[in-house]
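Please examine the structure shown below.

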Amino acid sequence: MISLDVVWWIVFARLTNHGIARVLVSIFMIAMLAGLIAIIGARMSRAGWDRVIPKFAVSAIFIWHFIGLGLLSLIALALIPILLGQKIVRVARRSPSAITRSVEAPAWSRREFLRFAGAMAPPVFTFSLTALAIHQLNDVRVRRFVLPISELPKELDGTTIAQVSDMHVGRFTNGHVLRKMVRMVNEMRVDLVLLTGDLINDALADLDTGLELARTLEARFGLAIIEGNHDLIENPTEFETRVKASGIPFLLDESTIINVRGFPVQLLGLSWTRHRGPDRDAVIAASVYKLLQQREPDAFPILMAHHPHAFDAAASAGLPLTLSGHTHGGQLMLNEQLGFGPALFRYWSGLYNRGQSKLVVSNGVGNWFPLRLNAPAEIIHLTLRTADASG
């Protein structure tokens, strides 16, 4: 990214002869470069001094480097053959009179205006998306599902669950939006609150805040939490040790029984699968099957798995309900079927059914990346119904 910053800085500076444009481009690129280096340095040193950078600036740095640079590079690759062909044609057709006319052209020609606009496009693009992102960072919706489940005991008919996933407490998710989230969950007055991973964004410095938030979430019968991939970025062992010591029910390839209206509900919590490679889904499936060996035949089971691909094994085993997160609803989606969600995951947002098994994938509350497109942040509210009662 740093190399691409330097390359595009040179390109933008050469794109226009107007001094003000070159100054503005240089200020923009210096700010983006310095901000990126500061964030990387703070993350590697775990110093946390990048927190003094305003959220607007950090958002702009992320949007420029994760969207702007990529789009520009793709456009450049597509245009290079066309521009080279046009240049060859112009050189071949150029006449002495044409050269004279170009020398006598006015200082602010149409071509110069377009070059100036091109040089200004990156900062305008970046700051426009950043303004939208800042507005979105405080938005959270409630998404409600009524789930008819054939295996649901009549004692549990009408059971309500608040699924809170991907809080990402830290760089972009803090302060007002977290207090708003707690208030929204507590106003639901649900039976269970289930947190399906990524409590923190990456820094363990935010873990105490995340745990305190979890303690303030209210449920009639109980709360449980599992881990996600972002929880383990800085130090997996320390994260797991501290959450275990917090007293909050934390399920690491473990299960717990919660009595809901006098009937046992078994929560099965899948640990994050750290294996990488083409056989990762097979490893996830093996972990699910191993966890399900703890299944109690007299309890109603719910699988909590941060990665939604765990649903394949859960459905094969006949598990009635799986709750997942991780995908952020695709984060950047052109519509419900086009975007990063379907490009990266088989299940990315909302309700999925396979036979009698159901999966709910939450878009999540928080953000590791500041901008969402057609994938709004959300808290999931579930109402479980026996299949005959829901009809």
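This is a predicted model: local features need pLDDT of at least 70, side-chain atom pairs count only at pLDDT 80 or more; totals for chains, interfaces and linings use all residues.

Residues are numbered from 1 along each chain as its sequence is written, and side-chain values use heavy atoms, with hydrogens and water left out.

**Salt bridges**

- Side chains of opposite charge can pair when their charged atoms come close.
- The whole structure contains 16 salt bridges (a side-chain nitrogen of Lys or Arg within 4 Å of a carboxyl oxygen of Asp or Glu).
- Arg43 and Asp202 form one of them, with an N to O distance of 3.8 Å. This pair links distant parts of the chain, 159 residues apart: Arg43 is in helix α2 (residues 19-45), and Asp202 is in the loop between β3 (192-196) and α7 (207-216). Helices (H or I, at least four residues) and strands (E, at least two) are DSSP runs, numbered from the N terminus.
- Arg43 is partly exposed at 23% relative accessibility, whereas Asp202 is buried at 11%. Buried means under 20% relative accessible area, exposed over 50%, and partly exposed in between (1.4 Å probe, protein chains only).
- Arg43, Arg171, Asp202 and Glu234 are linked in a network of salt bridges.
- In the salt bridge between Arg220 and Asp191, the closest N and O atoms are 3.2 Å apart. Arg220 lies in the loop between α7 and β4 (222-226) and Asp191 in the loop between α6 (176-188) and β3, so the pair ties together parts 29 residues apart in sequence.
- Arg220 is exposed, at 55% relative accessibility, but Asp191 is buried, at 2%.
- Asp312 and Arg354 also meet in a salt bridge (3.2 Å, N to O). Asp312 belongs to helix α10 (residues 310-316) and Arg354 to strand β9 (residues 350-354), so parts 42 residues apart in sequence are tied together.

**The second largest pocket**

- The second largest pocket holds about 720 Å³ of space. A pocket is an open set of points on a 1 Å grid over the protein atoms alone, where a 1.4 Å probe fits, with protein on both sides within 12 Å along at least five of seven lines; lining residues have an atom within 4 Å of a point. Grid points are joined across faces, edges and corners, and a volume is the space filled by probe spheres set on the points.
- Its lining has 29 residues, and Gly330, Gln331, Leu332, Phe340 and Phe369 lie nearest the centre.
- Helix α11 gives the most to this lining, with four residues.
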